[in-house]
Amino acid sequence: MDFAEFLVLGLVLATAVGTGAAFGMIAFFRLDRYRKALIEQENRIAALEARLKGAPAFEESVAAPATEPQPASEAPAPAPVRLPQRPIPVSPPLAAMPARATGTSNVIKLAPPAATPSPPKAPAPLPTPPPQQQLPSAVAHGPAPAAPAAPPTASQPMQARVQDVARTEAFRRPPAPPVPPQTAPPEMAPAPEPALAVQINMAVVAWAVGGAITLGIIFALIAAYQGGYFNQLSQLLLGYLMAAGMIAAAEAMDRRNAQVPPVDWQARYAPVILAAAGIVCAFGITFAGYARLGLLQPAATLGIMGVCALGGFGLSLRYGQPLAWLGLAAGFAAPFLSGVIAASPTALFAYLFAITAAALALSKHRSWAGIGWAGGALAIGWAIAWTFVYFLPSGAPAASGYLVALAVLGVAFAWDDAEAPVNFAPDAETRAPWPLQAWIGMALIAAAGVTMATLSIKGAGAGAPAVNALIFAVAIMAAAAAFREGFAPGPVVMSILALVALAAWPPILFADDARGFAGAAGALGFMASIGGWLMMARNVAPAPGAIVAALVPTATLLIAYLRLGGAIDQPYAWGAAALILAAFNGFALDRISSAAGGASKAPGAATAFAAASAACAVMAGAFAFDNVRMAAGLAVLLVPLAWLDRRLDIPALRFAGAAIGAVTLALLSPIALMRADIEPTPLLNTLAPTFVIAILSVWAGARLFALGPAGYLARVTIFLRICLVALVMAFGFAEIRHLANHGDMTEPYVSLWEAGGHTAFLLLVACAIAWRYGASERPLLQWTELLAFVTAVAHALLAGLVMLSPWWGLTPAVVAGGPLLNTVLAAYGAPAALFALYGVLRARLGPSARAHVAGAAALLCGVAWLLLEVRHAFHPFTMATSPLSAVEHGAYSLALIAASAAILFVAMRFVGGVGSLMLRIAAAALTATGFMKALAHDAGLIDGPLRYGAYALLAAAAMAALFGYHRYVFLRGTPDANAPRAPDANLIPPRP
């Protein structure tokens, strides 16, 4: 067999199979039609019975009339007439007859006539009636047993005729029963639809047959071309003609169905199946013309397939939603089947936008939410697939524009339904759920933004168009949110995605890249600021607009510094930009009262601007951490913020004020100052004016906050006062360090003059507070005094006695100056005197542990000063390395004894009470130490007979000192003669 015979045999088999399937389908639908007709008949009978049951009835018994009375023994007993069950056609009057028949009796129950006279009596007596006749099915159901027949008589035919006439008249003139006023007769019940399973089976069979027919046409055309019956162009045109013919047949059948309503499912499915078959045939023959015949180019293939998809959308308006799904599937599958993805990204995304717009328009017009969700998901899915699978740097602008167009399409789709934002109120009565179209539009907008951010990250160096598209989308969403309150989350989401895209910008290596990034960052900040203010001016709830206008520029500045800070090494410029932005946000708080109808009515917007101001202040300090000038400008912001708080009463302003105070203190802290570059001239440098402005600004801010709604004991007020005290201490620290190191703040901490100056400054602060406010109940000052004193004690012990001691220190310092007037006096002598002064001031306020600690610190610093002065007198340049001589040892012993004498003099002459006792004990300890050192060590260094003389002299002096302490220092109290004495327990008391 050759190919032609195979082709003919294949066509015959296909025709046989198709004909068998068609006849099977016709038989199936005919069977369904008959079953449906039977169901309709049963429903009609049930409706008739229901109408008959609603009317009153009575039993009509037809007895044989008698012309004259007969005796009871001769006359037969009357019996009800039972008609034979004979099927008769039901006429319309009989169907509407208000009679009722039960299923258990054959007795006729008719309503009595209201005004109709009874039929005339026959002149002759009637014999027994003939056997019964069967009533129609509308009157009586089921067979009934026949009544026993009467014995035949001569007049039986006449009586039967009379009874038939009477019965006929009764059926022809049915009495109209009275209808109750409260009930109406039920209407005829419509024919019920088939069960869901039956409908699904019908639909599956119908669509399967339609699909088989469509595929059969396509394959038949291909086989005919391969057999040489048609050329390529003829085959293509014939396929389109068949598709147009099937669509025309669908239209013809639909019009016939409109004129004659279909009674079976075959007629119902035929138009939509033919229309779908036409669309599939056109789509399939187009694909065959591109893939198998080679007649169509990718762009032409994509265009024709798009026309087929749009045709499906158009036909769905007439034939229903299935054609819309078919058009959606065909439209979004066309780019993959046409091979246009790699050829032209611009054509691809233009086509996808057209299909998406048509699908969303159809979804909105017919309220087909599924088409909208699916269309948006497929549109975003194509963009994601192109980003990760088919990405080309040259196609990034087209993809970015496509995503922006999708965002605009989402705005247009949800425009009418975004009048008000979604309400999540728990009360069901006041809850107004967002329409489904608005959710679809917002989801499409958010998905487009996420895809743009992904494209910018994936594209790396080629992702700049996606970032620009995001910035443009921010402007679009802000403009939409200004007119539709429901779009308020859109600008926030788009701004966050744009910030993510800026943060993921590829490494900036060249000046062109830096300029591109700076331009994008500046555009985002400008768009966000303008759009946010526009939103606040038009919307009732300005919080989203404030978030966009305040926080987005702040975050943009931070990201720009992180990406460009290394390339643009100008900390002062970055800090100034942050400071200007902080001032602008502070100014914006004042304008909220007019833009939002009062700051108290817009706490969210006020909080956003206050947080942005605080963040900008923190960034200004971080950008210019080693530039103390920034602290002065930053601290000045406290004054307008505190003034705004008095007018607006916004808690967020207090948070911003506390943040600015903390950043100011951090910029002027000792750690930051040691990295700062300050002029070497004493006093006439950057430190003094910067600290003075900062201290005055913090003091004014704390004062204004205390006089405002916050109150005197508000947290921000207390915190700013703490910052004020800390700034004063930092000022003293910075000036002393600057003077001690000739302007070099980075010098190591090895100067005795600097260590003594810091200790003395802290003690002066503690003494001033104890002298002026020691007896007052001011917790802040009390804690400041305690902090200054504890810091001074720790500094004197660690820096002076452990680290920097020129004799025994870990890092011995160099002593500058001559005898007595040198740095040892500044590091040990002056702090000893100040410790003693502080102890006296605290002792006047009452006995306290702080006074005893101050006295002990004064004793240690004084003894250290005395010993170091002796050491400096013997070894002025090599105090840490020179050995000790015998004379030097004796000098130290004499110095201890002299110090004890001086302490004893002060204790007995100027100090009283517990302080005097403590000083006397300290003097006795020093005296004992001096004598023990002289006896145990110093005397042993003397050679010859002088050693014994020294021992004798030291022993005599020790005895004299012991006698003097016993006699004059530690006096025993004189007993009072008048004081009662305690009874002696050893004496037996006298008997009474």
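A salt bridge is a side-chain nitrogen of Lys or Arg within 4 Å of a carboxyl oxygen of Asp or Glu. Keep that cut-off at hand for the exercises below, and remember that this is a predicted model.

**Exercise 1. Find out what joins E754 and R737, and whether each residue is buried or exposed.**

Step 1. Check the distance: the closest N and O atoms of E754 and R737 are 2.6 Å apart, and the two form a salt bridge.

Step 2. E754 belongs to helix α25 (residues 752-773) and R737 to helix α24 (residues 715-740), so the bridge ties together parts that are 17 residues apart in sequence.

Step 3. Look at accessibility, where buried means under 20% relative accessible area. E754 has 0% and is buried. R737 is also buried, with a relative accessible area of 0%.

**Exercise 2. Work out which helices are linked by the pair R850 and E785.**

Step 1. Confirm the contact: the side chains of R850 and E785 meet in a salt bridge, at 3.2 Å from N to O.

Step 2. Find the helices. R850 sits in helix α28 (residues 849-874) and E785 in helix α26 (residues 779-803); these distant parts of the chain are 65 residues apart.

Step 3. Consider each partner's surroundings. R850 counts as partly exposed at 23% relative accessibility, whereas E785 is buried at 2%.

**Exercise 3. Starting from D254 and R318, find which residues belong to their salt-bridge network.**

Step 1. Begin with the pair itself: the side chains of D254 and R318 form a salt bridge with an N to O distance of 3.2 Å.

Step 2. Locate both ends. D254 is in helix α5 (residues 232-259) and R318 in helix α7 (residues 298-319), 64 residues apart, and the pair links these distant parts of the chain. R318 is partly exposed, with a relative accessible area of 45%.

Step 3. Widen the view: salt bridges link E251, D254, R255 and R318 in a network. The total count is seven salt bridges.

**Exercise 4. Describe how helices α19 and α23 pack.**

Step 1. Read the geometry: helix α19 (residues 629-636) and helix α23 (residues 687-707) pack at an angle of about 20°, and their axes are 8 Å apart.

Step 2. Apply the cut-off: angles under 35 degrees count as roughly parallel, and α19 and α23 are therefore roughly parallel to each other. Their crossing is left-handed.

Step 3. Name the contact residues. Helix α19 contributes R629, A631, A632, A635 and V636, while α23 brings T690, I693, A694 and S697. By class, this contact of α19 with α23 has six nonpolar, two polar and one charged residues.

Definitions and conventions:
Residues are numbered from 1 along each chain as its sequence is written. This is a predicted model: local features need pLDDT of at least 70, side-chain atom pairs count only at pLDDT 80 or more; totals for chains, interfaces and linings use all residues. Side-chain values use heavy atoms; hydrogens and water are left out. Helices (H or I, at least four residues) and strands (E, at least two) are DSSP runs, numbered from the N terminus. Buried means under 20% relative accessible area, exposed over 50%, partly exposed in between (1.4 Å probe, protein chains only). Axes are lines fitted to C-alpha atoms, for helices over the stretch in contact, and angles run from 0 to 180 degrees between N-to-C directions. Angles under 35 degrees count as roughly parallel, over 145 as roughly antiparallel, 65 to 115 as roughly perpendicular and the rest as oblique. A crossing is left-handed if the near helix is turned anticlockwise from the far one by less than a right angle, and right-handed if clockwise. Contact means heavy atoms within 4.5 Å. Ala, Val, Leu, Ile, Met, Phe, Trp, Tyr, Cys and Pro count as nonpolar, Asp, Glu, Lys and Arg as charged, and the others, Gly among them, as polar.
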